[in-house]
Amino acid sequence: MNSQPDDDLTTLRVDQFFPHPPPKVWRALTDPDLLVQWQMPGAEGFRLRVGHRYRMTSVPRPNSRFSGVVEVRVLGYDIERMLSVRWTDADPANAADWTITWTLEQEGRGTRLFLVHEGFDPDDPAQMMARKIMDGGWRGHVLPALGQALEQLR
């Protein structure tokens, strides 16, 4: 996993190699039954359709003004190559309005998965706390959980 620091405080960038072909990684990114294994509860509401909306839930984080509920909207996709979604906090008091884009690139027999999480406000201390929490979450929890889900797929 790429652990290079990113000087752009508005964006998180993470990449991870998975020893699985792009179609298998794509399936884990877009199959609602698989999403619940590595994303937040509510991910089973995902549908691969531009404009589709659903909700995910997690633990509220008052230090980042996160209510615990994420409103998600599918922005676009290119099958087995890219998926982009918008995340906003269900609480309008939280200015979180982020774009999460997953890009898949074949690397040998496996896949390099790139994650770009954009839209953090560097002038907002709560947003910078959210960025710190999410950076650790993507690297330390979400991508490893995705790897475990991929290992269980046939």
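This is a predicted model: local features need pLDDT of at least 70, side-chain atom pairs count only at pLDDT 80 or more; totals for chains, interfaces and linings use all residues.
How many aromatic pairs does a search of the whole structure find? The search finds five. Residues are numbered from 1 along each chain as its sequence is written, and side-chain values use heavy atoms, without hydrogens and water.

**View 1. Trp102 and Trp138 form an edge-to-face aromatic pair.** Their centres lie 5.5 Å apart, with 85 degrees between the planes. (Rings of Phe, Tyr and Trp, the latter by its six-membered ring, pair if their centres lie within 6.5 Å; planes under 30 degrees apart are stacked, over 60 edge-to-face, the rest tilted.) The pair links distant parts of the chain: Trp102 belongs to strand E5 (residues 97-107), Trp138 to helix H3, 36 residues apart. (Helices, H or I with at least four residues, and strands, E with at least two, are DSSP runs numbered from the N terminus.) Trp102 is buried, at 3% relative accessible area. Trp138 is buried too, at 4%. (Buried means under 20%, exposed over 50%, partly exposed in between, with a 1.4 Å probe and protein chains only.)

**View 2. Ring pairs join four tryptophans into a cluster.** The members are Trp38, Trp87, Trp102 and Trp138.

**View 3. The largest cavity has a volume of about 70 Å³.** The structure holds one cavity of 30 Å³ or more. (On a 1 Å grid over the protein atoms alone, a cavity is a set of points where a 1.4 Å probe fits but cannot get out; a pocket is an open set with protein on both sides within 12 Å along at least five of seven lines; lining residues have an atom within 4 Å of a point. Points join across faces, edges and corners, and a volume is the space filled by probe spheres set on them.) Trp87 and Trp102 are among the lining residues, as are Phe46 and Tyr54. Strand E4 (82-89) gives the most to this lining, with three residues. The lining has nine nonpolar residues, one polar and no charged.

**View 4. The largest pocket has a volume of about 550 Å³.** Its lining counts 23 residues; Met40, Ser58, Phe66, Trp87 and Met134 lie nearest its centre. Helix H3 (125-152) gives the most, with seven residues. By class, 14 are nonpolar, seven polar and two charged. (Ala, Val, Leu, Ile, Met, Phe, Trp, Tyr, Cys and Pro count as nonpolar; Asp, Glu, Lys and Arg as charged; the others, Gly among them, as polar.)
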